[in-house]
Amino acid sequence: AVWPKSINPGSHLHHHLHRAAVDAMLPSLVIVRSLLVTSFACAVAPPPTAEHAATARWMVRTMEWGYLSTTSSRNQASTVGDAFGNPYSFADAANGVPYFYASDMDASMVDLFTAAHPSPRASFALSEAALSLSNGSAAMPACQIGVGTFGDPENPPCARLVLSGTVVKLTGTPEEAIGKQALFERHPSFQHLPKDHHFYVAKLDVDGVWLIDMYGGAAIIPPKEYFASNVSTVHPRSIHAEPLSTHQTGAMSPAASSLAGPPWFWKKAATARWMAKSLSWGVLSTTSTRSQGTVVGAPFGNPYSFADASHGVPYFFASLLDASMIDLFTGKHASRRATFALSEAALPHSMAQSSCRIGTYLGDPENPPCARLVLSGTVVNLNGTQEEEVGKAALFERHPSFKNYPASHDFFVAKLDVDAVWLIDIYGGAADIPPKDYFAADLFSEQALMV
């Protein structure tokens with residue numbers, strides 16, 4: 001979604017909430033210079049969009065989880081060499097460094113450290129769409145589906161950040177205590193994780209910073225500027241909220257409210273299908289063909305909206321101007337292999353399971369019962385096919401702003417042709433779900449859904 005700088009967002013996005021809506025939201029909002037932010041998010045409001053380094057630092061300071069993409073070393077529910085995205089909690093100790101609390105039992109850490117041929121390169125992707133209010137709507141108006149002309153997680157002013165670098169274990173180093181303290185403060189349940197899993201502190205040693213927070217393409221931020229930025233010294237960004245659509249609120253699927261709830265944890269295929277039906281965005285991980293803010297050959301995760309047309313196939317509305325599509329179709333040595341990662345933590349706050357909510361005994365986006373799903377496969381451009389209309393109808397229903405995207409960007413419908421399904425939704429490790437079982441799951445069966 002690389003949109004022209006000539007687009008004036010003010011002409012489309014400069015609307016105010018009705019007084020009644022403001023009154024209803026006041027208990028959940030902090031209003032700062034026309035900015036609506038969640039009271040839990042951060043004491044410092046988002047910087048102006050022109051302050052790219054400060055915006056990136058604000059996101060890292062404000063967010064609590066993102067998607068860590070590695071190069072897969074595994075052939076169980078994955079393909080060796082694929083970029084593999086995995087939802088991960090983190091903290092930054094106010095220094096811009098993402099710290100993780102990890103175990104070598106985790107798939108991502110296997111890829112990074114313990115495989116026969118590990119690769120320490122990774123990317124860590126964040127989206128403002130992950131911030132939601134207690135009433136179920138997205139905290140950032142630009143991320144709200146059904147709001148205004150362009151409201152959506154894929155809307156460029158709904159900021160997305162990708163940090164690239166090398167993951168390093170901090171065991172036995174002075175920095176270990178800094179990272180551990182930050183992680184335990186932001187994720188108190190980490191103190192209760194099992195000792196026999198041998199959790200340790202790791203960090204992403206950042207050497208690439210890629211940010212989209214406005215129309216006009218990605219900003220490539222030199223790491224030196226990123227780390228030198230101080231978010232407390234810039235003026236808050238001015239974001240103007242719009243009336244909520246009666247169609248839906250938040251960054252969720254319209255179909256989500258029609259489902260009775262997540263399936264029981266032993267119904268793995270049904271759980272995976274429920275996530276594809278309920279969620280509206282995830283992270284598409286590709287193998288980079290670019291050297292701007294990333295490294296050629298490294299995994300690159302990018303937040304992406306999608307829809308599934310009720311049969312489990314993820315459809316995307318994409319442009320060849322987008323970084324992920326360049327990696328897949330037009331870059332030198334492009335590879336159409338990709339993964340698409342979803343987390344139950346991305347559901348609006350009002351729908352999220354207690355297992356995902358930070359503050360309960362084990363509640364956290366990294367808590368296994370807070371389900372995470374990774375679909376692997378090949379991305380296919382559906383232009384000119386019969387399936388194109390099926391995908392477009394599903395996308396336009398779930399993401400109505402897609403109808404307003406600029407024709408000059410030549411958006412097209414693509415799909416992930418799924419050949420592997422990886423799911424964690426309970427303790428005990430990941431489930432390797434055969435694709436035929438995934439597609440055959442009866443999502444609406446009374447026996448499948450938890451009531």
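Is Y405 buried or exposed, and at what relative accessibility? At 8% relative accessibility, Y405 counts as buried, a class that means under 20% relative accessible area, with exposed over 50% and partly exposed in between (1.4 Å probe, protein chains only).

The model is predicted, so local features need pLDDT of at least 70 and side-chain atom pairs count only at pLDDT 80 or more, while totals for chains, interfaces and linings use all residues. Residues are numbered from 1 along each chain as its sequence is written, and side-chain values use heavy atoms, without hydrogens and water.

The structure holds 27 aromatic pairs. Rings of Phe, Tyr and Trp (its six-membered ring) pair if their centres lie within 6.5 Å; planes under 30 degrees apart count as stacked, over 60 as edge-to-face and the rest as tilted. Two of the pairs are tabulated.

| Pair | Centre distance | Plane angle | Class |
|---|---|---|---|
| F90 and F124 | 5.0 Å | 75 degrees | edge-to-face |
| Y405 and F411 | 4.8 Å | 55 degrees | tilted |

F90, in the loop between β4 (83–89) and β5 (99–102), and F124, in strand β6 (residues 121–127), are 34 residues apart, and their pair links distant parts of the chain. Strands (E, at least two residues) are DSSP runs, numbered from the N terminus. Both F90 and F124 are buried.

F411 is also buried, with a relative accessible area of 15%. Ring pairs join Y405 and F411 with F317, F396 and F402 in a cluster.

Charges over rings (NZ of Lys or CZ of Arg within 6 Å of the ring centre and within 35 degrees of the ring normal) include K169 over the face of Y200, at 4.5 Å from the ring centre. The charged end of R273 sits over the ring of Y438, 5.8 Å from its centre.

Notes. Helices (H or I, at least four residues) and strands (E, at least two) are DSSP runs, numbered from the N terminus.
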